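Hello,

Here is the structure I promised to pass on to you. Please open it beside this email, and then read on for what turned up in it.

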Amino acid sequence: MKIGKYRIDSMWLSMILGFVFVSLVVPPLWFSVFALLYFAYKSGGIEKNS
């Protein structure tokens with residue numbers, strides 16, 4: 001899926017969105033969302049379009 005100038009792998013996108021919905025109920029889990037974004041970017045799950 002393309003979001004702006006980034007392309008996100010569908011597996012990473014589903015994990016991140018799942019954590020976003022859970023963190024609406026449990027706000028301390030927002031740290032986990034940011035950690036998932038970081039690991040997705042480092043592993044190549046999020047790529048910058050050229």
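How many helices and strands make up the secondary structure of the protein chain? The chain comes to two helices and three strands. Here helices (H or I, at least four residues) and strands (E, at least two) are DSSP runs, numbered from the N terminus. Starting at that end, the elements follow the order β-β-α-α-β.

Before going further, a word on what you are looking at. This is a predicted model, in which local features need pLDDT of at least 70 and side-chain atom pairs count only at pLDDT 80 or more, while totals for chains, interfaces and linings use all residues. Residues are numbered from 1 along each chain as its sequence is written, and side-chain values use heavy atoms, with hydrogens and water left out.

**Overall picture**

Taken along the principal axes, the C-alpha atoms of the protein chain fill a box of roughly 35 × 15 × 15 Å. The chain has 50 residues, and 20% of them count as buried. Buried means under 20% relative accessible area, exposed means over 50%, and partly exposed lies in between (1.4 Å probe, protein chains only).

**The sheet**

The three strands form an open sheet in the order S1-S2-S3, with antiparallel pairing. Strand S1 (2–3) and strand S3 (46–48) are at the edges with a single partner strand each, so one side of each has no neighbour in the sheet. Two strands pair if DSSP finds at least two bridges between them. Strand S2 (residues 6–8) pairs with S3 over three bridges, in the antiparallel sense. To find one of these places yourself, look for Ile 8, whose bridge partner in S3 is Ile 46. As background, strands of a sheet pair through backbone hydrogen bonds, either parallel or antiparallel.

Lys 2 belongs to strand S1 and is exposed, at 61% relative accessibility.

Which side chains meet in a salt bridge? They are those of Glu 47 and Arg 7, at 2.4 Å from N to O. This pair links distant parts of the chain, as Glu 47 is in strand S3 and Arg 7 in strand S2, 40 residues apart. The rule asks for a side-chain nitrogen of Lys or Arg within 4 Å of a carboxyl oxygen of Asp or Glu, and by it the count comes to one salt bridge. Both partners are partly exposed: Glu 47 has 35% relative accessibility, and Arg 7 has 34%.

**The helices and their nonpolar patch**

A nonpolar patch on the surface is formed by Leu 17, Phe 21, Val 22, Leu 24, Val 25, Val 26, Trp 30, Phe 34 and Leu 37, with about 880 Å² of accessible area together. Accessible areas come from the Shrake-Rupley method with a 1.4 Å probe, and for residues only the protein chains shown count as cover. Patches are made of residues with over 30% relative accessible area and no salt bridge; like charges are joined within 9 Å, and nonpolar side chains (Val, Leu, Ile, Met, Phe, Trp, Tyr) within 5 Å. Helix H1 (10–23) and helix H2 (30–43) each supply at least two residues of this patch. Trp 30 is in helix H2 and is partly exposed at 34% relative accessibility.

Is Ser 23 buried or exposed? Ser 23, which lies in helix H1, is buried, with a relative accessible area of 1%. A polar atom of the Ser 23 side chain lies 2.8 Å from the backbone oxygen of Val 20.

Ala 40 in helix H2 is buried too, with a relative accessible area of 0%. Ala 40 and Met 11 are 29 residues apart in sequence, and their C-alpha atoms are 9.7 Å apart in space.

**Two rings together**

A search of the whole structure finds one aromatic pair. The rings of Tyr 38 and Phe 39 have centres 5.5 Å apart and planes at 65°, so this pair is edge-to-face. For such pairs, rings of Phe, Tyr and Trp (its six-membered ring) must have centres within 6.5 Å; planes under 30 degrees apart count as stacked, over 60 as edge-to-face and the rest as tilted. Tyr 38 is partly exposed, with a relative accessible area of 48%.

Happy exploring!

Conventions
Polar contact = N/O pair within 3.5 Å; in protein donor to acceptor, adjacent residues only side chain to side chain.
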